[in-house]
Amino acid sequence: MTDLSVRLAVRAGRRRTPAPGVDRDLAVRIAAVRYPCADVALVDLAGDALPAWRPGSHVDVVLPSGRVRQYSLCDGGRDVYRIAVRLVGDGSREVHSLVAGTPLTLRGPRNAFPLAAAPSFLFLAGGIGITPIAPMVRAAAAAGTDWRLVHTGRTLDSMPLSASLADLDPSRVTRVSDGGSPTPAAELLGDLPAGCAVYCCGPPAMIDAVRVATPAGHRFHSERFSPPPIRNGRPFTVGIAGGPDVAVPADRSALDVVREVRPDVAWSCRQGFCGTCHVPLVEGTTTGDTAGPGRTALCVARASADRIVVDLR
């Protein structure tokens with residue numbers, strides 16, 4: 001980020017709707033890979049005149065295998081983006097195997113977790129949830145805004161980025177080793193100054209607990225690294241043009257079920273905003289859909305009636 005964009009992120013920020021998909025491919029190469037924790041890789045992605053970005057932004061990384069994975073930008077500027085990748089599955093395992101010089105394609109950046117103006121900030125991060133929070137902390141510090149960070153994790157050694165953030169002001173950073181037993185939300189929140197905005201990223205249980213515990217009069221903002229649970233869902237059928245039809249249970253998403261018969265269907269955020277799993281909607285109508293006209297977001301949309309038909313070709 002440039003110094004100007006850092007300050008604009010806090011001083012001129014405002015609420016924004018979820019960012020639309022960005023139809024832009026960026027050619028980058030891996031400049032460096034470091035391991036601040038045993039299971040976390042810090043990856044620097046170098047390119048020419050990369051687009052400016054603000055705290056909360058993320059990119060889709062197209063891996064050599066064709067897998068598409070989404071990662072928050074945790075540092076960098078116009079020549080290098082930095083992401084932090086925890087080893088949790090096939091996509092992250094592939095990232096950890098990459099070496100300097102490997103060419104990659106990025107899509108984005110987009111921002112569905114923007115930092116809005118506030119008199120003060122409480123930043124709460126659980127584990128790898130520190131990645132979108134870290135640039136927010138730096139932006140608040142650069143703008144001279146009051147801020148506090150609480151980062152929790154199983155052990156201090158498993159918590160990336162926050163140790164270096166403490167160099168900004170050790171009195172404002174608390175690192176909590178919880179041994180896998182979640183810290184109560186009331187303890188995470190502490191005494192909030194008037195008008196303090198709460199930004200939280202981490203496991204769903206942490207986000208939900210903090211959301212409920214945040215007092216009235218304080219804005220709450222969050223980003224999940226896993227899809228929200230499906231509540232009050234109803235079963236329906238997804239017809240795939242050319243076959244087959246697949247049944248979607250009340251407690252699962254269309255994306256989960258469709259991928260059982262078409263594992264090549266791309267996905268990334270599983271929360272509706274990144275656009276990776278948006279596909280043409282051939283028949284029927286949907287609810288809870290974040291895709292544009294004539295398309296559907298398989299990860300969050302559900303059929304308005306009993307059946308929809310999509311085209312995966």
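Guide: A residue is called buried when its relative accessible area is under 20%, exposed when over 50%, and partly exposed in between, using a 1.4 Å probe and protein chains only. In this predicted model, 50% of the 313 residues of the protein chain count as buried. Residues are numbered from 1 along each chain as its sequence is written, local features need pLDDT of at least 70, side-chain atom pairs count only at pLDDT 80 or more, and totals for chains, interfaces and linings use all residues. Side-chain values use heavy atoms, with hydrogens and water left out.

Visitor: What is the mean pLDDT of the protein chain?

Guide: pLDDT is the predictor's confidence in each residue, from 0 to 100. The mean for the protein chain is 89, and 89% of its residues reach 70 or more, although pLDDT stays under 50 over residues 2–6 and also over residues 11–21.

Visitor: Where does asparagine 111 lie, and is asparagine 111 buried or exposed?

Guide: Strands are DSSP runs of E with at least two residues, numbered from the N terminus. Asparagine 111 belongs to strand 6, which covers residues 103–111, and with a relative accessible area of 15% asparagine 111 is buried.

Visitor: Which backbone atoms does the side chain of asparagine 111 reach?

Guide: The side chain of asparagine 111 comes to 3.0 Å from the backbone oxygen of proline 55, and to 2.9 Å from the backbone nitrogen of phenylalanine 113.

Conventions:
Helix = DSSP H or I, 4+ residues; strand = E, 2+ residues; numbered from the N terminus. Polar contact = N/O pair within 3.5 Å; in protein donor to acceptor, adjacent residues only side chain to side chain. Contact = heavy atoms within 4.5 Å.
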